[in-house]
Amino acid sequence: MSCSIHEDLEHVGICNDCGRTLCKDCVDKFNPPTCPYCMIGWGNAVKKQFFKTAALGALLGIGAVAFSVVSAPPGSGIGIMTTMSLMVFIIFAGIPWGWSTLSKITPQVFLFMPIGGWMLYFGVKLLISFYIGFCVMPFYIWKYIKNMKLVQTAYDI
């Protein structure tokens with residue numbers, strides 16, 4: 001049997017996602033062995049999730065900046081307003097990233113709670129997301145860039 005990508009080469013492995021046959025070059029390209037088609041599909045899913053989270057963060061950031069500008073005391077200097085607006089944007093834009101991080105480490109014990117427990121849980125989670133979001137946001141952006149570089153190698157085959 002030959003490689004499903006390079007038909008002139010003998011296969012030595014299979015794609016972990018779809019089962020296509022892969023040659024040595026294809027097997028060594030990604031770990032675990034994944035064909036370029038599955039890697040591109042995974043990259044598209046990662047890209048979609050990243051842009052959804054980034055758009056939600058941008059909306060929260062813009063909303064918070066608009067609120068802070070409207071509620072600013074009259075006579076505030078332009079430099080102070082610009083600095084404050086930038087800080088408010090970054091902090092509020094990080095909330096979805098913080099929420100995503102907390103969702104990964106939240107135990108499943110919270111599945112069975114009364115409504116008051118859920119309200120308390122979401123309130124505390126929102127507050128913690130507010131604080132850790134701007135810290136983990138750069139990590140998520142770096143991880144996205146790294147993953148997109150990896151997916152780009154699938155296009156080079």
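Helix axes here are lines fitted to C-alpha atoms over the stretch in contact, and angles between N-to-C directions run from 0 to 180 degrees. Keep that in mind as you tour this predicted model.

Stop 1: Select helix H2 (36–70) and helix H5 (115–155). Their axes come within 9 Å and cross at roughly 155°. Angles over 145 degrees count as roughly antiparallel, so H2 is roughly antiparallel to H5. The crossing of H2 and H5 is left-handed.

**Stop 2: where the two helices meet.** Now show side chains. On H2, pick out Pro36, Met39, Ile40, Trp42, Gly43, Val46, Lys47, Phe50 and Phe51; on H5, their partners in the contact include Tyr140, Tyr144, Met148 and Tyr155. What classes of residue make up the contact of H2 with H5? There are 15 nonpolar residues, two polar and one charged.

**Stop 3: the largest nonpolar core.** Next, select Met39, Trp97, Tyr144, Met148 and Ala154, the residues with the most contacts inside the largest nonpolar core, which has 14 residues. H2 and H5 are the elements that give two or more residues to this core. The largest share, seven residues, comes from H5.

**Stop 4: Trp97.** Center the view on Trp97 and display its surroundings. Leaving aside residues up to four places away in sequence, Trp97 touches Phe50, Thr53, Ala54, Gly133, Val136, Met137 and Tyr140.

**Stop 5: another core.** Finally, select Cys3, Cys15, Leu22 and Cys23. These are among the seven residues of another core, which lies apart from the largest one.

Definitions and conventions
Residues are numbered from 1 along each chain as its sequence is written. This is a predicted model: local features need pLDDT of at least 70, side-chain atom pairs count only at pLDDT 80 or more; totals for chains, interfaces and linings use all residues. Side-chain values use heavy atoms; hydrogens and water are left out. A nonpolar core is a set of buried Ala, Val, Leu, Ile, Met, Phe, Trp, Tyr and Cys residues joined through side-chain atoms within 4.5 Å. Buried means under 20% relative accessible area, exposed over 50%, partly exposed in between (1.4 Å probe, protein chains only). Helices (H or I, at least four residues) and strands (E, at least two) are DSSP runs, numbered from the N terminus. Contact means heavy atoms within 4.5 Å. Angles under 35 degrees count as roughly parallel, over 145 as roughly antiparallel, 65 to 115 as roughly perpendicular and the rest as oblique. A crossing is left-handed if the near helix is turned anticlockwise from the far one by less than a right angle, and right-handed if clockwise. Ala, Val, Leu, Ile, Met, Phe, Trp, Tyr, Cys and Pro count as nonpolar, Asp, Glu, Lys and Arg as charged, and the others, Gly among them, as polar.
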